[in-house]
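Good morning, colleagues. Please have the sequence and the model in view while I speak. I shall begin with aromatic rings and then turn to a helix and the core.

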Amino acid sequence: MAELRSDQFSFKRLLFKCFLLIPFFKKNRKKLLIGAFIGFAAGISVEIIRSQNKIYKAQIVFVMDSEGSSGGGLADIASSLGLGGFTASNSLFSGENFKELLKTKALFRKALLTRVKFGDKEDLFANFFLQKADLKKHEWSDLPDDFFNYRFKISDPSQANEQDRNIMNAIYEYLKGNTVISNENPKSSFLTMTVETRNDTLSYTWSKLYLKTVTEFYIQTKTKKSKELLVIMDKRVDSLRSALYYTQGKLANYNDQNQQIIYQRARITAERLQMNSSQLQSMYFEAVRNFDNLKFSLIKESPLFTIISDSELPTKIEVYFWGPITLVAIVIGMLITSLLIYIGSVYRELMA
């Protein structure tokens, strides 16, 4: 009971102190209004500057294709040849591994050094970015003009020199922070990629180029073992074809030279060549069939993404919300004014 009274008393004291502020505000209302007006002017100035800094947003809604059924035909063909280690593994493109893959510099650099069409011109995307990103007046205002005037002349990231890598790293950090893939509805498998830059065509181009680069990397990685097996199959088909043609030619010559076969030994030789030819023909046809199936399996490789809603030009302008900065600036202006009034009163008391 005593504790309850103590809490009530503390709350009462708190209200009493709050009510004491009313005379303070009445007494210094003009000064507080001036402080609030200064805060309002500062806040509205910041908001005007920020509102002129337009951000263009490009969005693509897509679905990742299922990875569960990959590699079936490849494994069957490999096992028929007695080869192991050709079971496809797609763990790189699933779960958290895939999210980390999307952030890697290797993918970004490959995309940056890809030639794209920007209006009527065609050039590396990195060069267009340095021209159109409009970062000189904003995030990169401290960088020299040489940075923005630099032009890449390579298309292979492995050929990049130190300066190429430094500039690509700066672009990578900016684009990584402005390229976001999210799942807006946890119950749905739809993913949304959002790209934000200060140029609508730049946002549009990067959104499509980024997904294209990831898809190409996916197909290249997924079909790597299939292509290795394709080389082996090609060599096997050539070898069996050569052996079959040699045996058939030898059998034809033997039969032509021995049209009147009267000895049992000659018949055995002819039958042996005929048997070898039949076996090689069967093996050759089977190898050709497997070779064709493998080529068809490469053609049927599905893309990583299925686009549901593609980005379009002109891209969406990010709407600026007015008010929060101005409101905070007004409150800060009043608080600073109150602090200055209190310091002035204390100073006058000390000097009296």
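F118 is buried, as its relative accessible area is 10%; buried here means under 20%, exposed over 50%, and partly exposed in between, with a 1.4 Å probe and protein chains only. This is a predicted model, in which local features need pLDDT of at least 70 and side-chain atom pairs count only at pLDDT 80 or more, while totals for chains, interfaces and linings use all residues. Residues are numbered from 1 along each chain as its sequence is written, and side-chain values use heavy atoms, with hydrogens and water left out.

F128 is also buried, at 3% relative accessibility. Rings of Phe, Tyr and Trp (for Trp, the six-membered ring) pair if their centres lie within 6.5 Å; planes under 30 degrees apart count as stacked, over 60 as edge-to-face, and the rest as tilted. The ring centres of F118 and F128 are 4.9 Å apart with planes at 25°, so this pair is stacked. The pair joins distant parts of the chain, with F118 in strand 2 and F128 in helix 6, ten residues apart. Helices (H or I, at least four residues) and strands (E, at least two) are DSSP runs, numbered from the N terminus.

W140 and F148 have ring centres 6.3 Å apart and planes at 45°, so they form a tilted pair. W140 is buried at 11%, and F148 is buried at 10%.

How far apart are the end C-alpha atoms of helix 8? They are 25 Å apart, which agrees with the 24 Å that its 17 residues, 162-178, should span at 1.5 Å a residue; the expected span is 1.5 Å times one less than the number of residues. The buried residues of helix 8 include I171, Y172 and L175. Among the elements covering the buried residues of helix 8 are helix 5, helix 6 and helix 9.

Finally, ring pairs link F108, F125, Y172, W206 and Y210 into a cluster.

Technical notes. Contact means heavy atoms within 4.5 Å.
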